[in-house]
Amino acid sequence: MPSSADRAAALNRYRNVCVIGAGVIGSSWAALFLAHGLNVVINDPQPGIEATTKDALIKIAPTLLKLGLPHEGLERNLRFEPDLARAVAGADLVQENGPEKPEWKQQLWAQIEAAVPRHALLLSSSSARPATEQAREMKDASRLLVGHPFNPPHLIPLVEVVPGEQTDPQATADAVAFYEALGKVPRVLKKEIQGFVANRLQRAIMREACYLVQEGVVTVDELDDIVTSSIGLRWAVNGPFSSFHMGGGPKGLESFFQHLGKNMAASFKVIPQVDLDEALQRRIIDQAAASFGRTPIPRMERERDDTQVALLHVLAARNGRDRT
C-alpha cells in the first residue's frame with residue numbers, strides 16, 4: 001500500500017487529465033478523477049456530450065459519497081474541448097475510452113503523440129486491443145499501455161495494466177502508482193493476451209452459464225441465485241486458487257491436486273458446445289424478462305452499487321485488520 005505522501009505525489013504529477021470518449025466508462029473515469037481533485041478535459045464528438053456527462057456525474061455522486069470521496073461541485077474542474085490537439089495539449093495523462101476498432105485507435109494515438117507533452121502518460125481503457133496493436137502508427141510508443149478497468153471504474157477496484165512491446169518499464173510503474181493513488185487495485189499482466197484476464201474469466205463462466213440454460217439444467221434466474229449464493233460470495237473474499245487451497249486439505253493445493261487433479265484435468269478436456277443461436281438468445285432474454293427483467297435497470301444499478309460499496313467497506317476493514 002502506498003503512503004499518503006506517495007499517493008499525493010502521484011496525483012500531483014498527473015494533475016491535468018484528458019479523457020477521450022465520455023460514454024459509460026469515460027464518464028465514470030472522469031468522475032473518479034474529479035473526485036480526487038484532478039483537472040479533467042473531455043474530448044468527445046457526440047452531440048450534447050456536456051449535458052450527458054454532467055447527468056452522469058449527478059448519477060455517480062451518491063456512490064462517491066458512500067466511498068468517502070468528494071461528490072459535490074465536481075464540474076468546477078471539468079471542461080470540454082472538441083479539438084483533439086487542443087484537448088491533449090496540456091495533459092499530464094490521457095485515458096482513452098473510444099471504440100474497439102484497431103485502425104481508429106492507431107490513428108488516434110498517432111494524432112495524440114504529435115500534440116501531447118512528452119512527459120504525458122498514455123493509457124487505454126480497451127478491453128480487447130493490446131497496446132502493441134494500438135501503437136502501430138506511433139513513432140514512440142514507450143509511454144503507451146493499457147489501463148483496463150472493470151465497469152464502473154469509479155467503483156470496481158481492478159485495473160489491468162498491460163504494457164506493450166515498446167512500453168518503457170518506468171511507464172508501467174508510473175501507471176501503477178497513479179492508479180494506486182486513486183485507490184484502485186492495479187495488476188500488471190506479464191504478457192499481452194486477447195481479452196486480458198478478467199474478461200477471459202468472465203467469458204468462460206458465461207459460456208458455461210449459457211450451456212446450462214441451453215441444456216435445460218437451470219433457468220437464468222436460478223443460475224444467478226446459485227452463483228451469488230456460492231462461488232460469488234467465496235470469490236469476493238478469496239480467489240479460485242486460495243479458495244481451493246483452503247478446501248484441499250492439510251497441504252492445501254498439494255492435497256487438492258493429489259485427490260482431484262486427475263479428475264479436473266480430464267474435465268478440462270471436455271469443453272461444452274454452446275450454440276448461441278437466436279433460439280437460445282430468445283430463451284435467455286425471455287427468462288430474464290420474466291424474472292429480474294421486470295426491475296428497471298437504473299434501480300438494479302443503484303442496488304448493485306450500494307451492495308458493492310458495502311462489500312468493499314467490509315473487505316477494507318478485513319484488510320486493515322490483517323495488517324495489524
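**How the labels are decided**

Analyst: Happy to! Phe196 lies in the loop between E8 and helix H8 (198-214); helices (H or I, at least four residues) and strands (E, at least two) are DSSP runs, numbered from the N terminus. This is a predicted model, where local features need pLDDT of at least 70, side-chain atom pairs count only at pLDDT 80 or more, and totals for chains, interfaces and linings use all residues. Residues are numbered from 1 along each chain as its sequence is written, and side-chain values use heavy atoms, with hydrogens and water left out.

User: Why is Phe196 called buried?

Analyst: Buried means under 20% relative accessible area, exposed over 50%, and partly exposed in between (1.4 Å probe, protein chains only). Phe196 has 1% relative accessibility, so Phe196 counts as buried.

User: Is Glu133 buried or exposed, and how do you know?

Analyst: The relative accessible area of Glu133 is 15%, which is under 20%, so Glu133 is buried. Glu133 belongs to helix H6 (residues 131-134). Leaving aside residues up to four places away in sequence, Glu133 touches Pro102 and Gln106, where contact means heavy atoms within 4.5 Å.

User: Why does Trp235 count as partly exposed?

Analyst: Trp235 has 37% relative accessibility, between the 20% and 50% limits, so Trp235 is partly exposed. Trp235 is part of helix H10 (residues 231-237).

User: What makes strands E7 and E8 a pair?

Analyst: Two strands pair if DSSP finds at least two bridges between them. Strand E7 (residues 158-163) and E8 are joined by 4 bridges, so they pair, and they run parallel. Leu158 has Val185 in E8 as its bridge partner.

User: Which strands are the edge strands of the sheet?

Analyst: The open sheet has 8 strands in the order E3-E2-E1-E4-E5-E6-E7-E8, with mixed pairing. Strand E3 (78-80) and strand E8 (185-188) are the edge strands, as each pairs on one side only.
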